[in-house]
Structure formats: structure tokens, C-alpha cells
Amino acid sequence: MKGANDSLVVCFGEMLIDFVPTVAGVSLAEAPAFKKAPGGAPANVAVGISRLGGSSAFMGKLGDDEFGYMLSDILKQNNVDNSGVRYDSTARTALAFVTLKDEGEREFLFFRHPSADMLLRESELDINLLEQARIFHYGSISLISEPCRSSQFAAMRIAKKSGSILSYDPNLRVALWPSAEAAREGIMSIWDQADVIKISEEEITFLTGCDDPNDDKVVLDKLFHPNLKLLIVTEGSKGCRYYTKEFKGWVPGVKVKPVDTTGAGDAFVGGMLSNLASNLNLFEDEKLLREALLFANACGAVTVTERGAIPALPTKDAVLKLLGKVPAR
């Protein structure tokens with residue numbers, strides 16, 4: 001039995017500080033100044049869910065430093081359960097410098113040599129929290145090095161055993177892996193354990209080696225596995241495709257003027273998981289699934305209209321407003 005809160009989403013992995021240039025369209029070297037913004041995909045998703053009115057927790061490791069406590073505090077301020085956060089006295093909180101090029105697209109420079117998030121040990125996992133998760137969500141960055149990799153495997157095992165839905169967003173960052181081949185292998189090593197997977201078109205090309213990420217046959221033959229309940233392919237502003245055992249289709253994006261795409265994919269995942277956590281029937285009901293994915297697309301759209309990830313994540317009212325729906329009062 002899950003506890004009193006049976007729609008909890010536990011997000012596992014990295015939380016860090018993005019340093020974003022105050023001016024768009026410049027290289028890191030040209031940037032006159034940087035603004036710090038909390039980030040890290042799993043943490044973004046946790047805040048995204050909470051901001052939409054859902055229930056979420058973040059599990060990971062921060063540095064025993066000023067930035068680490070700042071990030072933990074940001075989780076708390078956003079009503080994300082941070083009881084699964086641990087602190088490392090030997091490594092710093094991770095930093096990433098993120099340049100925004102002209103279309104709001106990004107380029108990264110990471111400081112993780114090693115950073116605290118890479119040093120989470122299995123003995124530091126909050127087992128009680130994992131057992132309460134209706135959905136356990138994770139990425140692949142925590143698979144890059146030990147001891148965090150083994151901790152992620154253990155967390156997935158515990159969550160699965162207690163009946164959680166496993167949700168995976170590989171969130172490819174080739175620069176963080178020893179090589180492209182290592183990234184491909186690492187990401188695919190846990191592929192067949194997930195119930196829900198969200199990937200981008202670029203990730204399809206990278207993982208399958210195929211030129212055409214729009215080819216349904218490639219996606220179904222190479223990426224859909226027998227245990228998978230839902231595979232989602234995000235197409236940026238164009239929308240997303242979905243594949244289940246029973247049906248497949250496409251949901252259009254919601255048009256906005258982009259300022260910064262940071263966090264858009266995480267906002268999308270937050271929107272999707274907040275719907276899924278309160279209604280697992282989405283897997284079987286195509287109409288409900290399409291509604292949830294349109295909502296998720298709108299979450300991503302609102303996010304790209306502001307700078308940074310966590311600061312830009314939307315409330316439910318903002319999403320409904322963009323969709324032209326009057327928020328329920």
C-alpha cells in the first residue's frame with residue numbers, strides 16, 4: 001500500500017546551479033555577466049509538478065556549501081519534499097554555465113570534477129520515501145559514474161518492488177560522458193526497465209543511429225520494449241508523438257515566442273507526470289492521454305517565454321490561460 005499521499009512523484013538525480021548570460025545570443029566568453037538559476041533536470045521536474053499543484057519529492061546529493069543549502073531551500077520554498085536530500089562535505093554543488101544562442105537554444109559548460117550529486121551512496125537513500133512513490137522519475141546523468149550509478153539502480157529496484165511506475169527521461173548531455181559510445185551504452189543499459197520514457201528527436205537519432213527520427217518503424221523497432229506502457233517523443237515547439245501498445249499519435253505544440261528553451265522539456269515532463277500521478281488510466285485511454293499531452297505541451301510553451309528553468313516553470317492557471325481555458329475557482 002502507498003501512504004496517505006498516493007500521487008507522490010519522487011525525482012532522483014542531479015540538482016545544480018545554471019549560470020545564464022544576462023544577454024542572449026552571445027558565447028560564454030562574450031557574456032558581460034551571468035545570472036544564477038537553480039537547475040538540474042530531475043529537480044526541475046519535481047518543482048514543475050509541485051507548481052502545478054501536484055505532490056513531489058527530490059532525492060539527490062548537494063555540496064555542504066552555500067549553493068547546496070540555497071538549492072535545498074528552493075525545493076522547500078516550492079513545496080517539494082527535500083527529506084531525501086543529502087550533503088557531501090568533500091565535493092561542491094555542481095555548476096553549469098549555459099549560453100543562450102539566438103533561437104534560445106543552449107550550449108553547456110559543466111563544473112563537475114566530481115560534484116556532490118555524483119557521490120550519492122546507496123546507504124544514503126531514503127527507502128521510506130522511495131516506497132511511497134507512485135511514480136519514480138530519473139534521468140541518465142546519474143548513471144555516468146559511481147557511486148551514484150549503483151545508488152540509482154538500487155533506488156529503481158526499491159521503487160519497482162513497492163509498485164511505483166518508473167519514468168525515464170535520458171536527458172542526453174554527451175559532454176558529461178567519457179565518450180558518445182559510453183553515453184549510448186549507459187542510457188540503453190536501463191532502457192527496458194522503464195514504464196514511461198520521454199525522448200527528443202535528437203536523442204532518437206543519437207540512440208538508434210538512424211537519420212530519420214520521424215520514422216515510426218525506427219521508434220517502434222528500436223526503442224519500444226515489451227514492458228513499456230508509454231513512449232513519448234518531444235518535437236520542441238511542434239508538439240509530441242506518443243506510442244503505447246494499443247495506439248499511437250501526435251499532439252500539436254502551443255505557439256509562443258521563445259526567449260529561453262532551458263527547462264522546457266522538464267516542464268513538459270512535469271505536466272505529463274502530474275496528470276499521470278492522479279490518473280494511471282492515461283495509458284489505456286487515448287482521449288485522456290491526448291488531453292494530458294496537450295497540457296504538457298502548454299507547460300513547455302509557458303516555460304520558454306522566460307529565462308532560466310525553475311523560475312520559468314508554470315502554475316496550472318498559467319497553463320490553462322495559454323490553452324484558452326478558464327481556471328477552475
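This note goes through the predicted model in numbered points, from the whole chain to single residues.

1. Basis. The model is predicted, so local features need pLDDT of at least 70 and side-chain atom pairs count only at pLDDT 80 or more, whereas totals for chains, interfaces and linings use all residues. Residues are numbered from 1 along each chain as its sequence is written, and side-chain values use heavy atoms, with hydrogens and water left out.

2. Secondary structure. The protein chain has 10 helices and 13 strands. These are DSSP runs numbered from the N terminus, with helices being H or I of at least four residues and strands E of at least two.

3. Overall dimensions. Along the principal axes, the C-alpha atoms fill a box of roughly 50 × 50 × 45 Å.

4. Burial and surface. Of the 329 residues, 57% are buried (under 20% relative accessible area; exposed is over 50%, partly exposed in between; 1.4 Å probe, protein chains only). The accessible surface comes to about 14000 Å², and carbon and sulfur atoms account for 52% of it. Areas come from the Shrake-Rupley method with a 1.4 Å probe; for residues, only the protein chains shown count as cover.

5. Contacts. Taking contacts (heavy atoms within 4.5 Å) between residues at least 6 apart in sequence, 70% join residues at least 24 apart.

6. Charges. The protein chain carries 36 positive and 43 negative charges, and their mean positions are 3 Å apart. Lys and Arg count as positive and Asp and Glu as negative, while His and the chain ends are not counted. Each charge is placed at NZ of Lys, CZ of Arg, CG of Asp or CD of Glu.

7. W177. This residue lies in the loop between β9 (165-168) and α5 (180-188). W177 counts as buried because its relative accessibility is 8%. Leaving out residues up to four places away in sequence, W177 touches S140, L143, I144, A182, A183, G186 and I187. S55 is 122 residues from W177 in sequence and 32 Å from it, C-alpha to C-alpha.

8. Cysteines. With a disulfide defined as a pair of cysteine sulfur atoms within 2.5 Å, the count is zero. For C11 the closest cysteine sulfur is that of C299, at 14 Å, too far for a bond. For C299 the closest is that of C240, at 11 Å, again too far. C11 is buried at 0% relative accessibility, and C299 is buried at 1%.
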